Number of protein chains: 4
Amino acid sequence: MPPTTDEQREIDALRAVQAPTRRLTVPDLEDVLYQALPVLDHGFVRVVDYMGSDSAVVQAARVSYGAGTKRARQDAGLIRYLMRHAHTTPFEMCEIKYHVKLPIFVARQWIRHRTASVNEYSARYSILDNEFYVPDPAHLAAQSTSNRQGRGDVLSGDEASRVFDLLRTDARQAYAHYEEMLNEDVHGNLRDESRQGLARELARMNLTLNFYTQWYWKVNLHNLLHFLWLRSDAHAQYEIRAYATVMLDTVRRWAPLTYAAFMDYRVGGANLSAKGLQVVRRRLRGESVSRRDVGMSPAEWRELNALLDAEEPPSTSP
Amino acid sequence: MPPTTDEQREIDALRAVQAPTRRLTVPDLEDVLYQALPVLDHGFVRVVDYMGSDSAVVQAARVSYGAGTKRARQDAGLIRYLMRHAHTTPFEMCEIKYHVKLPIFVARQWIRHRTASVNEYSARYSILDNEFYVPDPAHLAAQSTSNRQGRGDVLSGDEASRVFDLLRTDARQAYAHYEEMLNEDVHGNLRDESRQGLARELARMNLTLNFYTQWYWKVNLHNLLHFLWLRSDAHAQYEIRAYATVMLDTVRRWAPLTYAAFMDYRVGGANLSAKGLQVVRRRLRGESVSRRDVGMSPAEWRELNALLDAEEPPSTSP
Amino acid sequence: MPPTTDEQREIDALRAVQAPTRRLTVPDLEDVLYQALPVLDHGFVRVVDYMGSDSAVVQAARVSYGAGTKRARQDAGLIRYLMRHAHTTPFEMCEIKYHVKLPIFVARQWIRHRTASVNEYSARYSILDNEFYVPDPAHLAAQSTSNRQGRGDVLSGDEASRVFDLLRTDARQAYAHYEEMLNEDVHGNLRDESRQGLARELARMNLTLNFYTQWYWKVNLHNLLHFLWLRSDAHAQYEIRAYATVMLDTVRRWAPLTYAAFMDYRVGGANLSAKGLQVVRRRLRGESVSRRDVGMSPAEWRELNALLDAEEPPSTSP
Amino acid sequence: MPPTTDEQREIDALRAVQAPTRRLTVPDLEDVLYQALPVLDHGFVRVVDYMGSDSAVVQAARVSYGAGTKRARQDAGLIRYLMRHAHTTPFEMCEIKYHVKLPIFVARQWIRHRTASVNEYSARYSILDNEFYVPDPAHLAAQSTSNRQGRGDVLSGDEASRVFDLLRTDARQAYAHYEEMLNEDVHGNLRDESRQGLARELARMNLTLNFYTQWYWKVNLHNLLHFLWLRSDAHAQYEIRAYATVMLDTVRRWAPLTYAAFMDYRVGGANLSAKGLQVVRRRLRGESVSRRDVGMSPAEWRELNALLDAEEPPSTSP
């Protein structure tokens, strides 16, 4: 959903102002600064501030490795080296702040990542907007029959219609009763002078988990990459993955060398166990290896073979 | 709500087993170990493990202060000294783990405290129980007219009846539709063979914020006290305060000297600003001081006078 | 110690470049950006990057409190309110990065604060400079006779001369032997072709704790204020206090409203226990109260009376 | 170095006491509880408390996955699954506390891991013992010629003798002057009545980085494994690796299923990049792949081939 006219006016006003700074600047990220990048049906991600970039990673690593590295190593090589060898602290030297609008059930998954700073819109103090998430028909998935924590086929026909109907009707009714209990609407207009109105901190409990909330979320580059690695993964719930995908693209703008190394080593890479390594080594030497030879479980054996037999490598940055 | 028969049987079985240990033990806390201490209408707090006690605080402080302190200072005095001078690291040497059942809107406040470890029941994977919170009539408060983030009088009569009716009806309907969309009940019984059932990770979004969830929550004593200081405060929402109150009593059992110091310095104490100190000093010297003399805001001035004029000190531990 | 000519040239080059940004900028802090602010005999603090300022605190608080607060409250009042009521998360929305050169024994105290990101110059990889700290005569203090963790009078005469002599001689000898064991100097020049040279990661163990190291240290405003509150306190060791004092002045430039609130509530303020409050209340009502009436220890009673009888309030921001 | 008679008596006294507890106990770990496990020439690691074990990991995971998993999965399989899929929070449910005696330069590496609680012996308050680390002849390594952050051959002959002599002489002299400046010995005996003695917080700066310090270090199982993964690695400095090796064995006693999964997936496993995966897949299909085909750097290519060509897999737990 595009921002309202008022919101867009505020964003345009912020974007119109520029000031000189001695700090490192990243023009590619400034290009989208403050803009509401749309996610799901009413959500967005906005980059509202940042600090550092690839060169801040390199600078921090060179303090810790000494000036001698300056000559020999190119920045990209150093960043790849740091990523490969889990030297993570230099990536902490960059910081980014997002303003995010997201359904409450997504916020609950997101907040499990504790290594960030958060300020959320308070429904103790204010009244939430009448906006709730309903999946796009393409994402109205059935429960997976093979994986208890996953999705199967997309629902269709009468079953899909009924689900859409229930989700919309229940959310609308929950909000209508929220306003009724509050005895005021979102603009603070009183409804019935004879009533006191339930405390906001209590009335909110009647809302369903697909209502939208919003927050400022500030995180360093290392912790952001860890979040994105987990939440852009195919096993993550689609709704939070939609946010991770948009944010991953802001990392590409912000710190392109780090992004490329991350796509190669983390997103496109894989971890092999000692047993998995043994299988690979023996196969490369021309031996045939069975699951029992290495003592793997059937699930692990399937995962390993799926990984090794994949025809096309996962796409990485060019 | 008391545990079900099955749950109580599991708790009794856990409590029946004892084993010898060389570790520090705290009999007063063992007395309630594993028990479900009731909170709100369906919630509970259970202490499921602990490590350390007052003497672990003292032992850690004495490593950092040297063996010489052992003679001169009693343990209680040392703990009071540590608390008074914000030497907080020795309190980190104790750890406790709770199992908590709580409404989702309370869980959302609670989880803002990031310095703990959490494992929550997964509604991606499992089906939530049909249990939701409805306030006791004594806590069905109106919105405060003086404080936007607070409660006023208790609602009564028709307005109260209507609120109870809305909260119960909407929660029941949300759960009924949750089951219908899932196409199975909480025991995994299929409802309609012709339908696939919506994925659990999606269906949960139809539940309201007063449904109960549960988690394991593990925290060190320092961070626990900070949590309890904020959440047992009169400004905290009643529902989370109800949990803090029960947990505070487990601290009293677990580390009584620390508890007593905490009640004196944090819960019963107060912070004076430089301006506030100036007011106190001048009044004690017999001068009269006005708000403008020290440049306080009206709100601050009111708060200061309320603090200084209180007849009875906040109750502290004996 | 002023930077070397080469270092100053690098700093000047960084300072000469400005670029436009849409981000919030703080001209008062840009004025000192990259400059080496001297501390102790060879140390410095350099602000090398920052993100946010007072208005980022306010913006984050208003997300969490809702747009309604915009009309009624001035920014300064809101910041004072947040500081007074321990609403600390909005202060986490600002971030600053320092480059610091400091003696190793100071670094060891500093690093106890875990809520920051650090990259330190690596003596496994590189060779440390021949620079060590020797106190100024005004800070060559005797052990306190009343406080085991403190300083007493300044040493003078022969005892002082002997201490200076020992500190300098031992440090010089340690460094000479460090170079000898390495078999190379700080520029990598080989000394004796017939020897292999001890590994750097081992040779460093011969250096004394007053040698200088350096690091990048990045922290949010909330955690920085906590660090400065503890480390600018009269009980902190003078050498780390010297750093805290210089950094406190960078906070004044960076976020002046937050700085003023911090000086009033934290630096100039004090915490009263429940017992202390009881003493104040009873004295203000004209009663006389004895130590035994409230059950305070002699040390606490002394501290309380020193606090209440102070003629002049601690200086605060104007 | 074995503990002194007095220390051993204290340890024996602690070990002699047993008390009943309802908590989970781990007899294999109780067997070594409080014992000083020797490391380096004067150091030790002592397990002084613990909470949880493998079954606490499983219990926490089952809250987050729901009761349904109880039937189908064995504990070992679940723990392997959690480790393989980076579901790390259940491992946070176990906690351990160590008392460690270690050289200061090792402490400085160790403390970079910020996710633990630490209380260190205070040299502001107390006087350090006269104990310093000197490498065993087998570990007196030359600087590596191929890797700036590493060790090469072991030094021998005159060069080795000279290094031992310098390390010992400088440390002894530093300590003698430390006592002289303090004007007292470690037992607090005054040396010269005519002098005041330098403050302890200053005198300590004359000690070299190989002097021993000690601390309590408390950490959860997840963060401990991360520490051990980095510090038991062949790239870690030998001296900290010596501690990691001893601690790894305490994990084997404490949580054997987690230990086995950790050895297979982390210690014995390896991460392949997207490029590395592509090489493996193509080779397994019988294609020959060159470094340039996948755009790897020479260093990465060497590392990959060393990994894939290793004859013997890294040893893992049986």
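## Helices H9 and H10 of chain B

In this predicted model, B:Leu221, B:Leu224, B:Leu225, B:Phe227, B:Leu228 and B:Arg231 of H9(B) contact B:Ile240, B:Arg241, B:Ala244, B:Met247, B:Leu248, B:Val251 and B:Trp254 of H10(B). Contact means heavy atoms within 4.5 Å. The residues of this contact comprise 11 nonpolar, no polar and two charged. Here Ala, Val, Leu, Ile, Met, Phe, Trp, Tyr, Cys and Pro count as nonpolar, Asp, Glu, Lys and Arg as charged, and the others, Gly among them, as polar.

H9(B) covers residues 221–231 and H10(B) residues 238–254. Both are numbered from the N terminus as DSSP runs (helices: H or I, at least four residues; strands: E, at least two). Their axes lie 9 Å apart, at an angle of about 140°. Axes are lines fitted to C-alpha atoms, for helices over the stretch in contact, and angles run from 0 to 180 degrees between N-to-C directions. The two helices are therefore oblique to each other. The angle classes are roughly parallel under 35 degrees, roughly antiparallel over 145, roughly perpendicular from 65 to 115, and oblique for the rest. The crossing of H9(B) and H10(B) is left-handed: the near helix is turned anticlockwise from the far one by less than a right angle, whereas clockwise would be right-handed.

H7(C) meets helix H7 (residues 157–182) of chain D. The axes come within 11 Å and cross at roughly 165°. That makes H7(C) roughly antiparallel to H7(D). This crossing, too, is left-handed.

Residues of H7(C) in the contact include C:Arg162, C:Val163, C:Leu166, C:Asp170 and C:His177. From H7(D), D:Arg162, D:Val163, D:Leu166, D:Asp170 and D:His177 are among them. The contact residues divide into 10 nonpolar, four polar and six charged.

A:Asn183 is not a glycine, yet its phi is positive, about 65°. A:Asn183 sits in the loop between helix H7 (157–182) and helix H8 (200–203) of chain A. At 0% relative accessibility, A:Asn183 counts as buried. Buried means under 20% relative accessible area, exposed over 50%, and partly exposed in between (1.4 Å probe, protein chains only).

C:Asn183 also has a positive phi, near 65°. C:Asn183 lies in the loop between H7 (157–182) and H8 (200–203) of chain C. With 0% relative accessibility, C:Asn183 is buried.

## How the chains are related

Two copies of a chain are related by a rotation about an axis and a shift along it. Chain D superposes on chain B by a rotation of 180° with 0.0 Å of shift along its axis, at an RMSD of 0.0 Å. The two copies are thus related as by a two-fold rotation axis. In chain D, the C-alpha nearest the axis belongs to D:Pro20, 2.1 Å from it. Superposition is by least squares on the C-alpha atoms of residues with pLDDT of at least 70 in both copies. Of the interface residues of chain D, 100% are also interface residues in chain B, so the copies meet through the same surface.

Chain A is laid on chain B by a turn of 180° and a shift of 0.0 Å along the axis, with an RMSD of 0.0 Å. In chain A, the C-alpha nearest that axis is that of A:Thr208, 2.0 Å away. Of the interface residues of chain A, 98% are also interface residues in chain B, so these copies meet through the same surface.

## Conventions

Residues are numbered from 1 along each chain as its sequence is written, and chains are lettered from A and ligands numbered from 1 in the order in which they are written. Local features need pLDDT of at least 70, side-chain atom pairs count only at pLDDT 80 or more, and totals for chains, interfaces and linings use all residues, while side-chain values use heavy atoms, with hydrogens and water left out.
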